[in-house]
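Trainee: I have a model open and want to learn how to read it. Please take me through some features, one at a time.

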Amino acid sequence: LGMHPEKINEICQTLEEEIRTQYDEPEVKIYGEDADALGGNALTSQCSATVISLLNAVPNGVQAWSKDIEGLVETSLNLGQLKADGNGLTATFSVRSSVNKDKIDLIDTLKEICDRFGGRFDSRGHYPAWEYKKDSKLREVMCRVHERMYGKRAEVMAIHAGLECGLFTEKFPGLDMVSFGPTLRGVHAPGERLDLASLDKFVALLVDLVTNYR
């Protein structure tokens, strides 16, 4: 293909249209360059085939939905980075689950696939899961306090992300916890902001909750 730029463009346009249609991603743009323009660093046909086989073999996206909370992703992973350099190809995945065993099983699956392709596997930055408790006395007390103070029951929600509560439950199994706080906007970004009015409500709720928790 390196000798036929027109063919490269034709393949890229076809692939671009397929991805835009199949995944409803109208902004996707795919382009190709002649191998000579890359300074001779293009992958060989055999290496390209191996990379494609690897990408087809590894799981990606949602793997399981919560059985307790409708619409909540329980276990997932995503390929965050795929880099090729003089040392080879590096694929970096982020693995998440609210069930520790499922997260470990998914990591083991990635390791097995890596071994199958003759690669080296490394796992780091583990974040323990905070598993959902169907019966939580603290959660019920908090909802009652919220309803008494503000005239409506608190909306209980769960998110597919790591929280510090997972670190606490790892050290103290069975610990009853809730996570709540003031309204934040643009979290983890330079423009992160805190709603001061919601901070006052949060403090009042926290004080009342601690006072009335039995």
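Trainee: How far is the sulfur of C143 from the closest cysteine sulfur?

Mentor: A disulfide is a covalent bond between the sulfur atoms of two cysteines. The cut-off used here is a pair of cysteine sulfur atoms within 2.5 Å. The sulfur of C143 is 15 Å from the closest cysteine sulfur, which belongs to C165, so it is too far for a bond. C143 is also buried, at 1% relative accessibility. Buried means under 20% relative accessible area, exposed over 50%, and partly exposed in between, with a 1.4 Å probe and protein chains only.

Trainee: And which cysteine sulfur is closest to that of C12?

Mentor: That of C47, at 19 Å, again too far for a bond. C12 counts as buried, with 12% relative accessibility. In total, the structure holds zero disulfides.

Trainee: How much confidence does the predictor report?

Mentor: This is a predicted model, where local features need pLDDT of at least 70, side-chain atom pairs count only at pLDDT 80 or more, and totals for chains, interfaces and linings use all residues. Residues are numbered from 1 along each chain as its sequence is written, and side-chain values use heavy atoms, leaving out hydrogens and water. pLDDT is the predictor's confidence in each residue, from 0 to 100. Where it is low, the predicted coordinates should not be read in detail. Here the protein averages 88, and 94% of the residues score at least 70.

Trainee: What is the order of the strands in the open sheet?

Mentor: Strands are DSSP runs of E, at least two residues; helices are runs of H or I, at least four; both are numbered from the N terminus. Two strands pair if DSSP finds at least two bridges between them. The three strands run β1-β2-β3, with antiparallel pairing. β1 (61-65) and β3 (88-97) are at the edges with a single partner strand each, so one side of each has no neighbour in the sheet. β2 (residues 73-85) and β3 pair over ten bridges.

Trainee: Where does S198 sit, and is it buried or exposed?

Mentor: S198 lies in helix α6 (residues 196-212). S198 is buried, at 13% relative accessible area. Its side chain reaches the backbone nitrogen of T183 at 2.9 Å. Contact means heavy atoms within 4.5 Å. Not counting residues up to four places away in sequence, S198 touches P182 and T183.

Technical notes
Polar contact = N/O pair within 3.5 Å; in protein donor to acceptor, adjacent residues only side chain to side chain.
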